[in-house]
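Please look over the sequence and the structure below. The paragraphs after them go through some parts one by one.

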Amino acid sequence: MSLPTLILVAALLLQHGGYLGDSKNAAIGNPEAIAAGAKLYATSCAGCHGPDGSGGRGPNLVQRAAWHPLSDEGIFNAIRNGLPGADMPPTKLDDDQTWKLVAFIHAISGPASENKVPGDPEAGKQIFWGSKAGCSNCHSIRGQGGRMGPDLTNIGGSRPLGVIKQSVLQPSKDLSFLGNEAVTVTLTNGKVIQGLARNRSNYSLQVVDHKGALHLISMTEVKALDISQKSPMPADFGARLSAQEMEDLLAYLSRQSLRPPETSSSKGKEK
Amino acid sequence: MMRALLLSCLLCASSWAQVRYDDILKGPGENWTTYAGSYQGWRYSPLKQITVENAKSLAPKWVYHVPNARGLRSSPIVYKGVMYVTNSNSVYALDARSGRLVWQYLDTRAKGQGVNRGAAILGDRVYFTTNDNYLVALDRQTGVVVFSRKFADENKGTTSTSAPLIVNDKVLVGSAGGDSGVRGFVTALSAETGDELWRTYFVPAKGEPGSDTWGDLIEWGGAAAWLSGTFDPELNTLYWTTGNPWPDFTATARKGDNLYSCSLVALDLDTGKMKWHFQFTPHDTHDWDAQSWPVLIDTEIGGKMRKVVLHANRNGFFYVLDRTTGEFLRATKLIDKVTWASGIDAKGRPILIPGQDPTPEGNWVCPSVKGATNWMGQSYHPGTGLLYVITLEQCGMFSSSAQEPQPMKNFSGGGATEEGGQVILRAIDPKTAKRAWEYPMTGGGRMWSGTVSTAGGVVFVGDDDGHLVALDAKNGKHLWHFNMGELLTASPVTYEIDGKQHVAIVSATAVFSFGLFEPTQSVPLPKISTQK
């Protein structure tokens, strides 16, 4: 996952606790309704929005809260009425079917750890920690692994599968977050620091170097600053890993969670 | 120029340095490494760049607004130019020079969003606890999770609000939740792994010594330990205070003293064994937790040098005990208006005034439920020899309930309200218990801010009206104030970066850092080249 994506999602998660405008409809969070919704989705929606909601001809659905937060009712209305002026047509599904579909979309836009994900997490574990993908050179899980890239301990517990997938396959896609780039800093004393900028401004700069060490730098100490417009994360995982390996890696990442997945019964107790 | 070069190199190298136990042991200076500044609980810094003479030139250096925050309680930790501030289930690492965010950690699926009073550091890690009792260890440089280990069950009412105390290789964590029925404890967890090393409960199990001071509700007796303790390395002893017995306001089901609620306990660091205890308010019915941390000093009492522990108590009295033996030495009135006890007897027990318990109709008692003081940070200044304590002159109505007590149902056996009152900062001489000076404040009696004192002769305190105030530590004279524009619910700290002393405080929603005024130097736009 690219750092900008992480920051985006982190910002998103600050308002998380349930997405904006969660519905009280009984289908939401109900495993049977979600399974039924998955079938409807595969036949009616996947063609445009992608099999996992990560988009295609139609928009990415799992990042809904990032770009245009929609309440469950909002999704319901979009499915029912379509979006005039866009290619999204109205449907003839009844209320029950439509709510099942909303329940599925709600689920896939929630944390990956709480959804069924294809692939073999054990095989994915070998890929994550092995040399072919080399993920752990930069990323850590529960204190093991590299420190330069974002921590993935809670990646599945905090992000939808579709977001994780996009971050692995297209790490630079969302690189629009000025101030958090890969940098080479030359200080006025001649010292050179290479690493990832954290929250750079015109007046100060924090850099985590390749060893994971943090440097606090005042811009008055900076002689030259070289900034990469690309994520330091390799962009070739789609070619480097087979489709099966990618699925397994995503299954492993999806299982990474600070907390055990919430079951529907434990959710029920809270209400 | 040379100075700038030197500084940048120092910073580059030092931000990577490990925090050793010895660093915490030697107390604050450039850094502020533990909740109360030092293990002795002094909240005193030897920094002296900011003085009585120049405090009038203090100016804000930066502000960091904590996202979605309200009522922040965090006392910042600062180490080598990085500041760690907590909110509920979250930690923010800030560049202490600029206030820019370095990293943030947020556990979105933690259950509940209570208050959080701060973090702790050791080695290359920063530690804090979530509301639902996970001890979380994060890499200090990057915020990477090292471990997240559960130490108590929130389904039994326990929550976690205090900053961990780190001593040597142990992370000491106390429990919160005493107003709804819990069994309070302190536990020592391994700093390396989070494994539990020992746990000491403050309500005895049935059959254990002290269990005869309770009735049927002993399993839910309360005595939570919701504020960080202090530590004497020579005696290898931890000093921790405990909260109210439960139900708070109706005591018919808990006849007896209710040990070890509303007490100060001395625990062996290695085993957690209780060396001694002292109960300030036996059989409390006013929710007067003993929280306000124990301050450890060596001083002359009755013509003899003694190792003592000072404790300003919510019940209205100021206590001095021998911290080796727990012997009661003295108690005096902390505030003027005390109506429940006429004094403290020679053994340390309150001399009760009859008819002061809560009643179904309500009973007007002083101090109020908020207490004569509370968890706001006190400060002890070794130069002036004075203890600076936030006090509250306030009375309130206490009512009891005939309802059957039910744990974990937000039932406290009645209720309490408070009205009016005034917050007064008091400088007390522990040798004599006399007030050297006092600084009365305006406001609604709602603040939770405390103090820090410095070798520069200045006491910094948040007032009851949203100002950070600097006072002369010798006589309480006003030197400087800054309107922070909102309620203050945390205590200031002081640290140094680039050879410049800063004073930082967390307001209800933001972190502020102040230093002596300097004209801004123009910063040229950086020469940036980009690689595609």
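Is Trp226(B) buried or exposed? Trp226(B) is buried, because its relative accessible area is 13%, and buried means under 20% relative accessible area, exposed over 50% and partly exposed in between (1.4 Å probe, protein chains only). The model is predicted, so local features need pLDDT of at least 70 and side-chain atom pairs count only at pLDDT 80 or more, while totals for chains, interfaces and linings use all residues. Residues are numbered from 1 along each chain as its sequence is written, chains are lettered from A in the order in which they are written, and side-chain values use heavy atoms, with hydrogens and water left out.

Trp226(B) sits in the loop between strand 16 (221-222) and strand 17 (230-232) of chain B. Helices (H or I, at least four residues) and strands (E, at least two) are DSSP runs, numbered from the N terminus. Leaving aside neighbours within four places in sequence, residues in contact with Trp226(B) include Arg117(B), Ser175(B), Arg314(B) and Trp375(B); contact means heavy atoms within 4.5 Å. Asp289(B) is joined to Trp226(B) by a side-chain polar contact of 2.9 Å. A polar contact is a pair of N or O atoms within 3.5 Å; within protein, one must be able to donate a hydrogen and the other to accept it, and residues adjacent in sequence count only if both atoms are side-chain atoms.

Next come the nonpolar cores. A nonpolar core is a set of buried Ala, Val, Leu, Ile, Met, Phe, Trp, Tyr and Cys residues joined through side-chain atoms within 4.5 Å. The largest has 66 residues, of which Phe318(B) and Leu425(B) touch the most other members. Strand 29 (residues 386-400) of chain B gives the most to this core, with seven residues. Another core, of 60 residues, lies apart from it, with Phe185(B) and Tyr260(B) among its members.

Chain A holds twelve helices and seven strands, and 52% of its 271 residues are buried. In chain A, 54 residues are in contact with 49 residues of chain B. The two chains bury about 4,400 Å² between them, 53% of it on carbon and sulfur atoms; buried area is the accessible area (1.4 Å probe) that two parts lose on being put together, summed over both. Five salt bridges are found across this interface, a salt bridge being a side-chain nitrogen of Lys or Arg within 4 Å of a carboxyl oxygen of Asp or Glu. Arg147(A) and Asp139(B) meet in a salt bridge of 2.3 Å, N to O. Strand 7 of chain A gives the most to the side of chain A that touches chain B, with six residues.
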